[in-house]
Amino acid sequence: MSALAVVTAHSTIVLPHIRYLAILPEIVMLGGAVLLLGIASLVRRPLRVTVSTVGTIVIAGTSLGLALWQWADISSHGPYTAIDHAVVVDGFSVLITITVACAMILSALVGDGYLRREGVDGCEFHVLAMVSATGAMFMGEANDLIIVFLGLEIMSIALYVLAAMNHRRAASGEAALKYFVLGGFSSAVFIYGVALTYGATGTTNLTQIADFLSHNVIASNGVLLAGLSLLLVGFLFKVAAVPFHMWTPDVYQGAPSPVTGFMAAVAKAGGFAALLRVFVSSFGTLQSDWRPILYAVAVITLLFGAGVALVQRDVKRVLAYSSINHAGFVLLGVEAATAQGVSASLYYLFTYTFMTIGAFAVVTLLGRRGDGHHDIASYRGLAGRQPLLALAFAVLLLAQAGAPFTTGFLAKFQVVDASVNAGSVPLAVIAMVSAAIAAFFYLRIGLIMYTPVAGKGFLPGIEPLDDDEANAGPSGESETDGTGDAAPAELSAGNGQRPVWSGTEGAVVVRTQLNAELLLDTAPGEVQVLDPSEDIVEADAVDDETAAESAAEDTAKVPVPALAALAIGLCVAVTVVFGVIPAPLIDFAHKATLLFIP
Amino acid sequence: MSGILTAAVHPTIPDLITFIVAGLMVLAGAVGVILSRNPVHSALSLVLTLFGIAVLFIAQQAEFLAAVQVIVYAGAIVVLFLFVIMFLGVDKRENIESDPLRGQRPLAVVLMVVVLAAVIALGVNAHWATGVHHLVGRTGTPASNTARLGRSVFTTYLFAFEATAGLLVIAVVGAVVLARRPPESTGEADLEESEALGTGSDADGELGDGSAAALPEAAAAADESAEGMAPAGSEPA
Amino acid sequence: MIAPALLSPLLGTEALFDQGVGWFVLVVVVIKVLVAFAVLMGAVILMIWFERKLISDMQSRIGPNRAGPWGLLQTLADGIKLFFKEDLIPDQSDRFVFKLAPYLALLPALLIFTVVPVGGIIVISGHPIQLQVADPPIGILLVLAMSSIAVYGVMLAGWSSGSKYPLLGSVRASAQMISYEAALGLTVVAVVLITGSLSTRRIVISQSPNFWDWNFFRLGVVPFILFMIAITAELTRPPFDLTEADSELVGGFNTEYSSLRFALFYLAEFMNTITMSAIVVTLFLGGPDGPIPRFIPTSDVWMPILWFLIKTFAFLFIYVWLRAALPRLRYDQLMDLGWKRLIPFTLAWLLLVAAFVLSGWWGLGIALAVVAAGFLLTRAFAVGQGREDLDQAVLPPIGRRVLPPQLLRTPPTAGDVGPGPGSEGAS
């Protein structure tokens, strides 16, 4: 303040011109959150969930509409920077804003049912989520490392609190603490990177950094490279790329399921948005320095995410590792460092938002009261009980796996294409291999859902040796068998008898054996002896009773609130419709490239 | 009184002494933070470091930063650290013999050596470690130093300044949300809940023998997953 | 000739240094420091006597009257007694911190006084000399920094004693100091806003020549009152002296101290009272500003000092008066006052000042906004009070909660809460 006054004595400060349209979506989002909070603090009772949800959807919808207005504006007038070049409005930032706003709306829909079910009143979830979304939007349109950092912090702090939002889950508290400690550490690393970059280039503005680097050759650029790598660490932590992914499974599992979906979508969108802008546009001239790093990170992220997800039996953990895998795919686009790569990454982020929020919406519903039923066994036979829910989940999982006629396929195709065009063919091959690995665990969940619940010892690929049906079919047939309604009776007939391997193909046997050993597909307690030499039975006969109880509960139908159903329906619709008719969305993403591309 | 540059290029004897003393303060504090067995001593060492940095700021004529450093870090943040340490009663000598993560200490030492070597290499090899040889503008007299800061806050960093408001709002809201714990949700409920989450089977809260037996097991699994990377937790029990 | 970079930020842009720093300047600086120290010490001795005597008068007692005329030497006698007392260090104490704490309490009190301008500028052999130890460009921030450092002495003294009453006292004290520091800082911002400088000398100069230019009047009386409340709490003077509430805490954070170390705490406390009175005078009452009878020779040298002393003395009197007149607050009242009343008030007034500096219309608009916000805030506080009962019933428990006894540990810590997300539960 004093500074201001002293300066005004000599010369007046010329405040930068503020083009409000540039930050209007953020203002609406943040202002809406504060407004909601203000209203909540002025009424006698805790705000009803309905009020918060409706308010949130209206606010996020307004924000979305404003983002579309921005889109129309830049389509006709071209991209621009605003507020002393602190923010930039281009196709890229607008698409990120749209993505985040969509994620916010969907999460509000999903959260509504969850909050009612858990009996959590008040508007904290909505306020925190909206502020977090604002942070992600800031990251998307930041043109200054300081803004990137502020966006990162606003987004992250809200997410830490969101993860711990349900006080009654100790697991949530633990997850939030892990996230907070590691996140705080990574933020510190990031800001150190900002400091070093500022030291090396003399500015924090991304445009000016690019300008400086293109006009100057730094004789010994150690400081710049150190700053660059620290920035990279900060970003890679937020997007959960592999050496910095440690928090992901625990946090995804511990956080309330709707929060997990929101976190997966928004943190990735914000993190990748800033990563893309900072590295592709500002450090574009240093490509030869950072591309190899990203190459390596992408490779291990892809393989690790896919590989570890295979051996998980908690669905939220599976999805957590799958999100790591997805991060690897988006990194493909970043690594390409071309306009095509940027738009492919954007497309991936946009479609991933719908796939992941939809998937976590289903997980939320199936988690039941207490949000604790995420064991893969409790998904068994879902198709029989609630076919629509199972179908939706299956579609979303297939899309994540990259099945054709879904946006997931197009997304994967585009990043791989960009990667190939940028000359990283081995990376593209690895990505496709990891997609194939990943397909396995997505299909496994799908398979289990379509497997009737009563069949003890039923495993895909294994046919129980029944007196009547001794003729063993190929492993593929058992899947189709499983979907049939008649299957349970037949299969339970085989109870008490030792099943034998049906397939003679070595690979299938090995795979299913691995499956059986890890007890992936069976509920605890209903493990059947698959191989007499194995002694897993003792280990797992521990709590037969509780297992039976939970199995009984698992077979009950879960209530599906209308809003959650709407959210899931929207996600599926976007995933399928734009998968079948790809042109509009792809064009959209193509226009949404960065303003400053070298 | 010249600006930063002359002071940096031609250090006078007092400047040098100031720098050495302040540098030693910073380093001694930093070492003290990690070597003290008592958390309160660690916090005090941190104060020493922060003071040393404040002195270094003053030597660079960034006296505003120095004051803010003391007010914010020493006066507020470390005081809160101490507050928490005293409130939680963790101000006992820490038992650092038991190492929850085996091998983390040697690894940390190796890492520290590597990072130190990198920093020293940067300092030694680069004549000008950074690309820019001078600031965008001269700092001028000390009084206008603060003025420049204020000016840049309201021009170049105007948006960042305003966005900080959002950060503060969320920090306050978050703190309140976390702090407002309903009374009955402490301890017992949490345990039951996590139990349900952990095993996926004890939803009714009937924690009989089975789940009691399962607890140590689960704790071991938690240890494992903390030890290595996440897949460790997913191994068959 | 030395011109270290340190000098200018610390000692300020005093005209004394314009011709470089020679031996004369060095001597002047050293003398200034010594004089300030001596004056402060003497003032503390007098202040302790004054407080005891005045309280006695207000309570119709006689008070100290044996040592020296009117008992003036009583403090000295007490000091000598303390000096020769046994130096006790509790067995359970943290010895290093226990010894360190008194100095940490004393140092800020001494340092704050260095930035207080006690008079105008005198000229000795061609060198203009400000009657002020140092005039750093960040002057008033130094005061805030030091007052935030003062917490350490109290906090560490209580903690290191290894005894529960001092610990409780010190936790109370530090919570109180932190809480009121925000309000303190915000009122100072209002002063800085209207002055346009952080330097104490400039703050004083901007309040001359007329008494209606004093910040006391310029800012409206409210910031002054808020500052007084905040500073009283910051000093833990009555009625905010919960930290040494004898009836609850024995003697507060310094219960375990004896001998010279105790004397240091006592010294620090009164020194703080004096320096903070001086700061109030500097910030709001024009410091050494006042009418100077020009016809008396050299009156422009000693009159400002006299004015400064008179004003400071008035505040010292007020502090003693408060102690005699007001009952002690309860702890929750203290915190409510700090967070729910003082901080919103100071913020609102700061906004008003800023708006009126800009223009009258802005001021009017902000005034309306402040009133509206005040209503909303009052409403929110009322709602919050009512909702505390509701909170009990917000979350119904899920399922039954039967705990195996071996898991019931006290206090419940994070380690107790079972497997958590790290475990797969693949049992």
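**Chat on loops, phi angles and confidence**

Visitor: Where does Pro239(C) sit?

Guide: Pro239(C) lies in the loop between helix H9 (221-234) and helix H10 (246-249) of chain C, where helices (H or I, at least four residues) and strands (E, at least two) are DSSP runs numbered from the N terminus. This is a predicted model, in which local features need pLDDT of at least 70, side-chain atom pairs count only at pLDDT 80 or more, and totals for chains, interfaces and linings use all residues. Residues are numbered from 1 along each chain as its sequence is written, while chains are lettered from A and ligands numbered from 1 in the order in which they are written.

Visitor: And the peptide bond from Pro238(C) to Pro239(C), cis or trans?

Guide: That bond, from Pro238(C) to Pro239(C), is cis, with omega near 5°. As background, most peptide bonds are trans, and most residues other than glycine have a negative phi.

Visitor: OK, phi then. What is the value for Phe405(A)?

Guide: Phi of Phe405(A) is near 65°, which is positive although the residue is not glycine, and Phe405(A) belongs to the loop between helix H16 (387-401) and helix H17 (407-421) of chain A.

Visitor: Why does Phe405(A) count as partly exposed?

Guide: Because Phe405(A) has 16 C-beta neighbours inside 10 Å; a residue is buried if 20 or more other C-beta atoms lie within 10 Å of its own, exposed if 12 or fewer, and partly exposed in between, with C-beta atoms placed from the backbone.

Visitor: What about Thr298(C), buried or exposed?

Guide: Thr298(C) counts as exposed, because it has 8 C-beta neighbours inside 10 Å. Thr298(C) is in the loop between helix H11 (259-284) and helix H12 (299-325) of chain C, and its phi is near 55°, a positive value in a residue other than glycine.

Visitor: Switching to chain B, how many helices and strands?

Guide: Chain B has nine helices and zero strands, and buried residues make up 35% of its 237 residues. Of the contacts in chain B with a separation of 6 or more, 48% join residues 24 or more positions apart, a contact being two residues whose C-beta atoms, placed from the backbone, lie within 7 Å.

Visitor: Back to chain A: where does pLDDT stay under 50?

Guide: One such stretch is residues 455-545 of chain A, for which the model has 124 contacts beyond four places in sequence; pLDDT is the predictor's confidence in each residue, from 0 to 100. Residues 1-9 of chain A also stay under 50, with 28 such contacts, whereas chain A averages a pLDDT of 80, and 80% of the residues score at least 70.
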